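This report is meant to be read beside the sequence and the three-dimensional view.

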Amino acid sequence: MNDIIQQFWQAFLWSDGYHFTGVAITLWLLVVSIGFGFVMSVPLAIARVSRNKFVSWPVWVYTYVFRGTPLYVQLLLFYSGLYSLDVVRNHELLNVFFRDGMNCTLLSFALNTGAYTTEIFAGAIKATPHGEIEAARAYGMSRFTLYRCVILPSALRRALPAYSNEVILMLHATTVAFTATVPDILKVARDANSATYDSFNAFGLAALLYLCITFVLVALFRRAERRLLVHLRPIQA
Amino acid sequence: MFLDGYGQQILAGTRLTIELSVLSLLVAFVIGLVGAGGKISRNYLIKALATLYTTLIRGVPDLVLLLLIFYSLQIGLNHVTDALHMDQIDLDPMTSGVLTLGFIYGAYFTETFRGAFLSVPKGQIEAGTAYGLSHWQIFWRIQFPQMMRYALPGIANNWQVMLKATALVSIIGLVDVVQVSIDAGKSSYRVFFFTLVAAGVYLMLTTVSQFILNGLEKHYSMGVREAEL
């Protein structure tokens with residue numbers, strides 16, 4: 001245990017001396033994919049609940065396919081699959097983009113979490129009380145104002161518990177990144193394992209780090225929920 | 001030819017994926033029932049143990065646990081057999097894969113079953129006691145069928161997550177549908193196509209299970225009327 005900590009503590013946390021590794025990379029993967037996923041999923045969720053079939057159907061197909069297949073397979077598809085195509089390799093820009101394991105990882109993670117988040121937000125939008133929308137219409141709000149001022153603020157808040165779940169699942173899903181040569185916590189643990197053959201401690205240390213990050217995330221989301229969902233809390237006698 | 005001659009292997013890989021998921025489901029189901037019993041137990045120690053199990057397992061990524069348990073299980077078993085002066089027992093990847101996945105998802109099933117058991121009205125159990133049923137009869141004839149109704153949406157969710165998690169076993173050396181398609185893609189230089197095949201197989205499996213689960217949900221909600229709005 002001590003050997004591994006002495007040799008690898010820096011690599012586990014932020015750097016192996018040359019590149020960022022470990023916790024730093026895991027958090028970077030998480031923040032970037034969650035960020036892109038969020039930005040994508042708000043308009044997609046609005047499209048998903050649209051009554052126009054031509055708008056809602058493509059979004060349904062997207063979420064269905066990305067939620068119906070494992071993230072690991074999606075990563076393989078973007079990392080080794082796309083780069084094996086001549087079309088991609090002969091195109092200058094695509095070649096540069098898909099040659100880098102980090103880019104492929106972020107792309108597949110963002111698309112994956114985007115699909116789950118879209119469904120979460122769409123569910124919350126659909127559950128908006130009918131009276132709120134009627135009231136907004138009675139005030140003569142346009143569709144855009146209706147979404148901006150009434151539906152989205154309330155729906156995104158109500159989605160928070162499910163959304164926090166998705167963020168934590170995404171943290172757990174970032175572990176497949178090492179298959180695309182991204183040096184996250186698990187990659188360092190595997191290096192430590194092959195250097196010392198002390199599997200239990202090498203992977204145990206990684207498990208401990210993930211556990212800590214999970215607990216921090218859970219605590220943060222609990223605080224956010226307490227603040228943002230005040231209006232939905234049951235009245236205490 | 002069917003999938004460039006890799007059809008048979010893809011089928012075999014798919015069969016392994018299904019076997020692995022179903023066997024892990026059975027293990028996770030049993031662990032979940034026992035764990036839920038522990039979590040609603042009045043014994044403080046048992047309750048603490050069950051809580052520790054679900055918190056630790058659900059807080060750590062499944063892939064990390066998979067590698068941790070997979071590599072340590074054999075070493076741990078060797079220590080035990082050495083201490084008992086027995087011959088070494090070799091765990092094959094399939095057995096350790098099933099045990100590991102079952103152990104991990106058992107934690108998720110524990111939470112599902114715990115919530116479901118608590119949703120069964122207490123009067124039902126009291127009525128059973130009043131009729132003079134034994135503990136086991138109350139569990140099997142009254143609690144279990146009603147609990148399943150509440151647990152099914154959670155079970156369905158866990159199953160879909162677990163089915164997709166089986167893709168990770170190729171990393172610990174099992175030749176599942178993902179591994180087969182990686183190999184087929186490499187040797188035929190059609191990586192993209194064969195990865196798509198693997199994705200298609202998973203999409204098919206999740207779709208079929210969704211249909212089955214919908215049917216089960218209908219079966220277990222017999223006698224419940226949905227609110228008509």
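## Chain A as a whole

A residue counts as buried if 20 or more other C-beta atoms lie within 10 Å of its own, as exposed if 12 or fewer do, and as partly exposed in between. By that criterion, 38% of the 237 residues of chain A are buried; the model to which this applies is a predicted one.

Chain A is built from 12 helices and has zero strands, and its elements, read from the N terminus, follow the order α-α-α-α-α-α-α-α-α-α-α-α. The C-alpha trace of chain A extends over about 70 × 60 × 25 Å along its principal axes. When contacts in chain A between residues at least 6 apart in sequence are considered, 70% of them join residues that are at least 24 apart.

## Helices H3 and H7 of chain A

Helix H3 of chain A covers residues 53-68 and helix H7 of chain A covers residues 101-126, and their axes come within 9 Å of each other while crossing at roughly 120°. Angles of 65 to 115 degrees count as roughly perpendicular and those over 145 as roughly antiparallel, and H3(A) and H7(A) are therefore classed as oblique to each other. The handedness of the crossing between H3(A) and H7(A) is left-handed.

On the H3(A) side, the residues that meet H7(A) are Val59(A), Tyr62(A), Thr63(A), Phe66(A) and Arg67(A), and on the H7(A) side their counterparts are Leu111(A), Asn112(A), Ala115(A), Tyr116(A), Thr118(A) and Glu119(A). Sorted by class, the contact of H3(A) with H7(A) comprises six nonpolar, three polar and two charged residues.

## Where chain B touches chain A

The contact between the chains involves 27 residues of chain B and 27 residues of chain A. On the side of chain B that touches chain A, helix H3 (62-83), helix H7 (177-188) and helix H8 (191-220) of chain B each contribute at least two residues, and the largest share, 10 residues, is supplied by H8(B). By class, this side of chain B consists of 20 nonpolar, five polar and two charged residues.

Once its neighbours within four places in sequence are left aside, Tyr71(B) is in contact with Ser199(A) and Phe203(A). With 19 C-beta neighbours inside 10 Å, Tyr71(B) counts as partly exposed, since a buried residue needs 20 or more. Within chain B, Tyr71(B) and Ala107(B) are separated by 36 residues in sequence and by 20 Å in space, C-alpha to C-alpha.

## Two residues with positive phi

Thr181(A) is not a glycine, yet its phi is positive, at about 60°. Thr181(A) sits in the loop that joins helix H10 (160-173) to helix H11 (185-196) of chain A, and it is partly exposed, having 13 other C-beta atoms within 10 Å.

Tyr189(B), likewise not a glycine, also has a positive phi of about 60°, and its place is the loop between H7 and H8 of chain B. Tyr189(B) has 9 other C-beta atoms within 10 Å and is therefore exposed.

Methods. Residues numbered from 1 in each chain as written. Chains lettered and ligands numbered in written order. Predicted model: local features only at pLDDT ≥ 70, side-chain atom pairs only at ≥ 80, totals over all residues. Axes fitted to C-alpha atoms, helices over the stretch in contact; angles between N-to-C directions. Helix = DSSP H or I, 4+ residues; strand = E, 2+ residues; numbered from the N terminus. Parallel < 35°, antiparallel > 145°, perpendicular 65-115°, else oblique. Left-handed = near helix turned anticlockwise from the far one by under 90°. Contact = placed C-beta atoms within 7 Å. Nonpolar A, V, L, I, M, F, W, Y, C, P; charged D, E, K, R; others polar.
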